[in-house]
Amino acid sequence: MAIMSTLLTSLLILSFFSSTTSLSSNYYAKTCPNVESLVTKAVRDAATSDKKVPAALLRMHFHDCFIRGCDASVLLDSKGKNKAEKDGPPNVSLHAFYVIDNAKKAVESACPGIVSCADVLALAARDSVVLSGGPSWDVPKGRKDGRTSLASDTLQLPFPTFNISQLQQSFAQRGLSLEDLVALSGGHTIGFSHCSSFKSRIHSFSPTTDVDPSINPSFAATLKRICPVKNAKNAGVPMDPSSTTFDNTYYKLIFQQKALFSSDKALLDSKKTKNLAANFANSRDAFRKAFIASMIKMSSITGGQEVRKNCRVVN
């Protein structure tokens, strides 16, 4: 029964991502030729005043694509009795939605009713990586916006407590490989984590030890000082020491036993993922090349039906 239940769950998730939407890098060449520069300006303006914006937008795009495909369902507001994705437990810390609002407003002024919110978010995620010192790439465009957004669906997102088997299953359900898993995990090189995402590794880890023995002792001590048992609600730490710079430091930290999440450390628990992580730790270029390929692959998971005028509400 357990195997059948898992199979049915996988089929249901995959069905959300079945789409015939054809994406193209020049999709708006004739209908909205300035869309990319308009989105870039909105992201750059916001990032200039708030260094946390790029990481927030990249994470937002990940969380959008992993539920019903990249259809901007994460941008929809809750309405009435319907609690939307952005209010689901894993998403309550998402922020910088105003940046997408500003970008969409600028795009609508230039090309009304043409560019989807899903495409705006995909472009903003790419721009966020570039503004953080990372690589650029041509973003395939032509996504449609979804009409459904349920907070309950956020339980499908990969959790920071996942082991390697759970991570592999989560990515495979979306047509993503182990290579994609390791490359996309590199997005953790920018941003900030609240203590709640890793507290289980530094407090009451098991009946016999308080701290996960796979964590570097001095690093664990630092985390415990910042995140005591009763820490402040918004307490946390940067994802890595260069948390506003897109680089391969994340992978180096994993091998130094300084990974924040159990899901980060889990990359060492499979020979294939460990070898991939080692390659990325040793070669920034290898990481950048793999990240680009995996971002294009993930952001091409489609599932929407319309082009919203306002990213927060369906038409």
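## Helix α3 against helix α4

In this predicted model, Val 53, Leu 57 and Met 60 of helix α3 are in contact with Phe 97, Tyr 98, Val 99 and Ile 100 of helix α4. Seven of the residues in this contact are nonpolar, with no polar and no charged residue among them. Helix α3 covers residues 53-65 and helix α4 covers residues 97-110. Their axes lie 9 Å apart and cross at an angle of about 85°. Angles of 65 to 115 degrees count as roughly perpendicular, and α3 and α4 are therefore roughly perpendicular to each other.

Phe 97 of α4 has a further partner. The charged end of Lys 86 sits over the ring of Phe 97, at 4.2 Å from the ring centre.

## Helix α3 against helix α12

Helix α3 also packs against α12, here at an angle of about 45° and with 10 Å between the axes. That angle makes α3 oblique to α12. On the α3 side the contact is made by Leu 58, His 61, Phe 62 and Cys 65; on the α12 side it is made by Phe 291, Met 295, Met 298 and Ser 299. By residue class, the contact of α3 with α12 holds six nonpolar residues, two polar and no charged.

## Aromatic pairs

How many aromatic pairs does a search of the whole structure find? The search finds eleven. One of them joins Phe 66 and Phe 171: the ring centres are 5.0 Å apart and the planes are at 70°, so the pair is edge-to-face. Phe 66 belongs to the loop between α3 and α4, and Phe 171 belongs to helix α6 (residues 164-172), so the pair ties together parts that are 105 residues apart in sequence. Both Phe 66 and Phe 171 are buried.

Trp 137 and Phe 291 form an aromatic pair that is likewise edge-to-face, with 6.2 Å from centre to centre and 75° between the planes. Trp 137 is in the loop between α5 (117-131) and α6, while Phe 291 is in helix α12 (residues 284-299). The two residues are 154 apart, and the pair links distant parts of the chain.

Are Trp 137 and Phe 291 buried or exposed? Buried means under 20% relative accessible area. Trp 137 has 7% relative accessibility and therefore counts as buried; Phe 291 has 0% and counts as buried too. Ring pairs also place Trp 137 and Phe 291 in a cluster with Phe 246, Tyr 250, Tyr 251, Phe 280 and Phe 287.

Leu 23 is located in the loop between α1 (2-16) and α2 (35-49). Leaving aside residues up to four places away in sequence, Leu 23 touches Pro 140, Lys 141, Gly 142, Arg 143, Ser 299, Ser 300 and Thr 302. Leu 23 and Thr 302 are 279 residues apart in sequence, yet their C-alpha atoms are 9.1 Å apart in space.

Leu 155 lies in the loop between α5 and α6. Exposed means over 50% relative accessible area, and Leu 155, at 57% relative accessibility, therefore counts as exposed. Leu 155 and Ile 67 are 88 residues apart along the chain, with 9.4 Å between their C-alpha atoms.

Notes. Residues are numbered from 1 along each chain as its sequence is written. This is a predicted model: local features need pLDDT of at least 70, side-chain atom pairs count only at pLDDT 80 or more; totals for chains, interfaces and linings use all residues. Side-chain values use heavy atoms; hydrogens and water are left out. Axes are lines fitted to C-alpha atoms, for helices over the stretch in contact, and angles run from 0 to 180 degrees between N-to-C directions. Helices (H or I, at least four residues) and strands (E, at least two) are DSSP runs, numbered from the N terminus. Angles under 35 degrees count as roughly parallel, over 145 as roughly antiparallel, 65 to 115 as roughly perpendicular and the rest as oblique. Contact means heavy atoms within 4.5 Å. Ala, Val, Leu, Ile, Met, Phe, Trp, Tyr, Cys and Pro count as nonpolar, Asp, Glu, Lys and Arg as charged, and the others, Gly among them, as polar. Rings of Phe, Tyr and Trp (its six-membered ring) pair if their centres lie within 6.5 Å; planes under 30 degrees apart count as stacked, over 60 as edge-to-face and the rest as tilted. Buried means under 20% relative accessible area, exposed over 50%, partly exposed in between (1.4 Å probe, protein chains only). A charge sits over a ring if NZ of Lys or CZ of Arg is within 6 Å of the ring centre and within 35 degrees of the ring normal.
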